[in-house]
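Dear colleague,

Please find the structure for your review directly below. My notes on it follow, beginning with the conventions that they rely on.

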Amino acid sequence: MYIYDDIDQRIVDERVAQYRDQTRRYLAGELTDDEYRPLRLQNGLYIQRHAPMLRIAVPYGLMNSRQLRKLADISRRYDKGYGHFSTRQNFQLNWPKLETVPDILAELATVQMHAIQTSGSCIRAITTDQFAGVAPDEIVDPRPFIEIMRQWSSFHPEFAGLPRKFKLAVNGARHDRSLVQAHDIGLELYLDSDGKIAVRVWVGGGLGRTPILGTVIREHLEWQHALTYCEAILRVYNLYGRRDNAFKARIKILVKALGAEEFARRVEEEWALHKDGPGTITQAEYDRVASFFAQGRHTELPAQDASFDAARASNPAFAAWAKRNVHAHKVAGYRAVTLSLKKTGIAPGDATAGQLEVMAELADQYSFGELRVSHEQNVILADVKLGNLFAVWETARVHGLATPNIGLLTDIICCPGGDFCSLANAKSIPIAQAIQEKFDDLDYLHDIGDIELNISGCMNSCGHQHVGHIGVLGVDKDGSEWYQITIGGKQGSDARLGTVIGPSFPAEEVPGVIEKLIATYIETRTEEERFIDTVHRIGVAPFKARVYAKEAA
Amino acid sequence: MSNLIKNNAIVADDWTLVALPAPAEDTVRKQAGKVVIFKITGEPAATPEQISGAVIPAAGKVIVPLTVWLARKDELAARAAKSEVGVWLESFELLEDLLASVADINSLPLIAIHFPRFVDGRGFSLATQLRTRYQYRNELRAIGDVLRDQLYFMHRCGFDAFSIRTDRSAEDALASLRDFSDPYQGAVDNPLPVWRRHARVSHHAATEGRVFARHEDEVD
């Protein structure tokens, strides 16, 4: 993975000093709440329901064991001994003290970490596929690009006061696992007819209050122009994006208002002035950054491993885990492993300091000392030898990290919700837990098969409910918490937004509604059909009829 | 004591800023109970009454609102010829309107951009466009809600003068111009991104005795 040089380190160190002084001035009354707010937000610090929440950047979800141990250490010393992996591939502390945040940042800087632009109206942390670099369907490793873009976007002076938050995702695989169509800018890397790396540029996607999938404004961009082109997009947005209404301030609203064609025209006009300028990425810089992600450290192994096959044959629990939590790898004899943070009874994405250390240890022993965070809020060991899978499973199991539910109904994506977040209209974690409890039978879960259930506590949609096969959205109805259900949403290259099935439900009815949706699927499905396929084949009506049957009677 | 920073120093201000008189009927716009400060780019900034009612001092250097500059150009022509008229823009006004009003943008000795609130970042792009796309070379001044924590960004976008909000110390603000010593990306102050300014290390060099010990292949 990328390693800081003196320049990177100095920027992070100077940031700590700058933020320390800003916090000092705030505490001394020299900065008002309104003046301090954007400063702390651009450093990931929210003031939440119970305490501040600090969002720490894990660029493109990649970190090493030393960094994870530092997070464990910080969570013990400055928080309550646990943390939360978010749908932005970041790490969140729920209980730090505002005054100690500069010290936390100084600790993070010692392991090349920070909280720069993890929130606020600026370019946010750029996300990608958790299997970048190891996925068999990968065309271009997106990580060198994202690292170059991470540096470009960090403290970009022109875009430090955008109308609203700005999220980028980059995908380099045949199957999109980065939600490029649901981002302000989504970049898809591919090889063009000359075999050269090219970029397809999506703009104006986003979830939130007005969910919209993005539009392609440029089908073919030579990779060297990624930065200048994004700058042109951001300049048009910065100048013309609405600022009079926060709910209409995202780029998607501007793209819609102007029309994608007119928006693209303005971008192209602006870009023409800076194309081939100094912001053009050089081959030398690309090669330098790419050298940090170079392959070639894997051992040459046979494609099969007898001990793995034997363990799978004799141990059904291991076999179930291997089926769900182990993923294909581009190098023979290796697999990627998802450590599930979706154990029933635990808030999705939460991990204790002890679990963080176990994961760090597993990474050191079995996966080049590196880990990834997925936007599904799990942690991945990306490079495990087949022959080591059993050992990984045994250790993970002891520490509650081996629930064999990846991609199943209980692998719920869930925002922190009303228990923690001051934006939320409703709680989300208890809903996730109630659903997990209702569907705790593993055989039934495996029978239901691949399904994505996403929960958000408000329309800010951190839980990506619009693209969940089943989406649950917390809404406020006369001061009490209700939940709106959508079905048919989908992430991936053929992303689509879910359809609301009807009036919302009180919390206690949600697990029952999910049960009826699942029952409808089980009864109607054809062989090999996933939940989402059935919804798309038969439409929303039969599901709706089943769920609302009682009211109709 | 002046609150104007220019070329990294606090200097006396010999320009007078001409404000628009308050509109006759204040159209207070509200959104969800909150008064909306921000206007959409391209909205008119002043009524004809405001423009004609703006009081321009009879002598000395003046910075006039763009709307006044456009409407009362003849009245200002003689002073403009002596380089005694600058123009200020609201963050939602269009640079194109200013550009269309002059044969050469560099005939203006001073352009100021108003920050209605420090979080309004349109001024950063307006400054960038003035300096790059339109090759403006004279004084570019930030006025309005100008606070130290945005100064570094303003400077990088091409502002060379900062009229610090009067209730804040310009002295303190000077320090923030040095918040970062070697930024990543190119901008107006230095168009070269970091990799064109320095020879940076590759993976091989970085792992030779640097911060992170290279992780050996897994220990079986």
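A residue is called buried if 20 or more other C-beta atoms lie within 10 Å of its own, exposed if 12 or fewer do, and partly exposed in between, with C-beta atoms placed from the backbone. This is a predicted model, in which local features need pLDDT of at least 70 and side-chain atom pairs count only at pLDDT 80 or more, while totals for chains, interfaces and linings use all residues. Residues are numbered from 1 along each chain as its sequence is written, and chains are lettered from A and ligands numbered from 1 in the order in which they are written.

Two loop residues of chain B

Asn7(B) is exposed, as 8 other C-beta atoms lie within 10 Å. The residue sits in the loop between strand E1 (4-6) and strand E2 (9-11) of chain B; helices (H or I, at least four residues) and strands (E, at least two) are DSSP runs, numbered from the N terminus. Although Asn7(B) is not a glycine, its phi is positive, at about 50°. Most residues other than glycine have a negative phi. Gln135(B), also not a glycine, has a positive phi of about 55°. Gln135(B) is placed in the loop between H5 and E9 of chain B, and it is exposed, with 10 other C-beta atoms within 10 Å.

Chain A as a whole

Chain A contains 19 helices and 21 strands. Its radius of gyration is 23 Å, close to the 24 Å that the globule rule gives for 553 residues, so chain A is as compact as a globular protein of that length. The radius is taken over C-alpha atoms, and the rule is 2.2 Å times the number of residues to the power 0.38. Along the principal axes, the C-alpha atoms of chain A fill a box of roughly 60 × 60 × 55 Å. Of the 553 residues in chain A, 57% are buried. Among contacts in chain A between residues at least 6 apart in sequence, 68% join residues at least 24 apart; two residues are in contact if their C-beta atoms, placed from the backbone, lie within 7 Å.

The domain assignment of chain A gives domain 1 (6-109), domain 2 (134-290), domain 3 (306-398) and domain 4 (413-552), with bounds that come from an automatic or database domain assignment. The C-alpha centres of domain 1 and domain 4 of chain A are 33 Å apart. Seven residues of domain 1 of chain A are in contact with nine residues of domain 4 of chain A. On the domain 1 side, these comprise one nonpolar, five polar and one charged residues. Here Ala, Val, Leu, Ile, Met, Phe, Trp, Tyr, Cys and Pro count as nonpolar, Asp, Glu, Lys and Arg as charged, and the others, Gly among them, as polar.

Helix packing in chain A

The axes of helix H7 (residues 251-258) and helix H8 (residues 260-272) of chain A come within 5 Å and cross at roughly 105°. Axes are lines fitted to C-alpha atoms, for helices over the stretch in contact, and angles run from 0 to 180 degrees between N-to-C directions. H7(A) and H8(A) are therefore roughly perpendicular to each other; angles under 35 degrees count as roughly parallel, over 145 as roughly antiparallel, 65 to 115 as roughly perpendicular and the rest as oblique. Leu254(A), Val255(A) and Leu258(A) of H7(A) meet Ala260(A), Glu262(A) and Phe263(A) of H8(A).

H5(A) and H9(A) pack at about 110°, with axes 9 Å apart. Their contact involves Pro144(A), Glu147(A) and Ile148(A) of H5(A) and Glu285(A), Tyr286(A), Val289(A) and Ala290(A) of H9(A). By class, this contact has five nonpolar, no polar and two charged residues.

The two chains together

In the interface, 50 residues of chain A are in contact with 49 residues of chain B. H1(A) gives the most to the chain A side, with six residues. That side has 20 nonpolar, 17 polar and 13 charged residues.

In helix H5 (residues 122-131) of chain B, ten of the ten residues are buried, so the helix is largely enclosed by the rest of the structure. Those buried residues pack against H6 of chain A, together with strand E7 (85-89), helix H4 (95-100), strand E8 (110-115), strand E9 (139-144) and helix H6 (148-156) of chain B.

With kind regards
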